[in-house]
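Welcome! Take a look before reading on.

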Amino acid sequence: MEAETARLLALGATQVARWQECRVLRVPGGHLVCVLPAESPPEVFDAQARTWPWRDALVSRRR
């Protein structure tokens with residue numbers, strides 16, 4: 001979770017709140033996103049977690 005929060009901050013988000021382990025960030029487009037800890041056992045999360053190809057393309061274009 002810390003890595004994802006750091007990644008979003010590096011892309012221009014700002015942290016606006018923190019509640020327990022959750023982070024609320026404002027992304028450059030102005031909307032709020034929540035970064036939440038994974039509640040699944042690690043092996044289930046690793047097997048079922050998904051990524052979105054458009055995100056990788058967007059990050060590549062910004063570099």
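Why does His31 count as partly exposed? His31 counts as partly exposed because its relative accessibility is 48%; by definition, buried means under 20% relative accessible area, exposed over 50%, and partly exposed in between, with a 1.4 Å probe and protein chains only.

Before we go further, a word on the ground rules. This is a predicted model, in which local features need pLDDT of at least 70 and side-chain atom pairs count only at pLDDT 80 or more, while totals for chains, interfaces and linings use all residues. Residues are numbered from 1 along each chain as its sequence is written, and side-chain values use heavy atoms, with hydrogens and water left out.

**The overall layout**

The protein chain holds three helices and three strands. Here helices (H or I, at least four residues) and strands (E, at least two) are DSSP runs, numbered from the N terminus. Read from that end, the elements follow the order α-β-β-β-α-α. Of the 63 residues in the protein chain, 14% are buried. Its accessible surface is about 5,100 Å², and carbon and sulfur atoms account for 58% of that; the areas come from the Shrake-Rupley method with a 1.4 Å probe, and for residues only the protein chains shown count as cover.

**The sheet**

The three strands make an open sheet in the order E1-E2-E3, with antiparallel pairing. E1 and E3 are the edge strands, each pairing on one side only. From one strand to the next, the twist averages 25 degrees. Two strands are said to pair if DSSP finds at least two bridges between them. E1 and E2 are joined by five bridges, and Trp19 stands opposite Cys22 in E2. Four bridges link E2 (residues 22-26) with E3 (residues 32-35), where Arg23 faces Val35 of E3.

E2 and E3 form a hairpin with five residues between them, and in the turn Gly30 has a positive phi of about 100 degrees. Helix H1 lies across E1, E2 and E3, at about 10 degrees to E2. Axes are lines fitted to C-alpha atoms, for helices over the stretch in contact, and angles run from 0 to 180 degrees between N-to-C directions.

| Residue | Loop | Relative accessibility |
|---|---|---|
| Gly12 | between H1 and E1 | 39% |
| Gln20 | between E1 and E2 | 60% |
| His31 | between E2 and E3 | 48% |

Gln20 counts as exposed, and its phi is positive, about 50 degrees, although Gln20 is not a glycine. Contact means heavy atoms within 4.5 Å. Setting aside residues up to four places away in sequence, Gly12 touches Arg26 and Pro28. The C-alpha atoms of Gly12 and Pro28 are 5.9 Å apart, although 16 residues separate the two along the chain. With neighbours within four places in sequence left aside, His31 is in contact with Leu25 and Arg26. From His31 to Ala13 the C-alpha separation is 9.8 Å, and the two are 18 residues apart in sequence.

**The core**

Which residues make up the largest nonpolar core? The five are Leu8, Ala13, Leu25, Val27 and Val35. A nonpolar core is a set of buried Ala, Val, Leu, Ile, Met, Phe, Trp, Tyr and Cys residues joined through side-chain atoms within 4.5 Å. Val27 touches Ala13 and Val33, not counting residues up to four places away in sequence.
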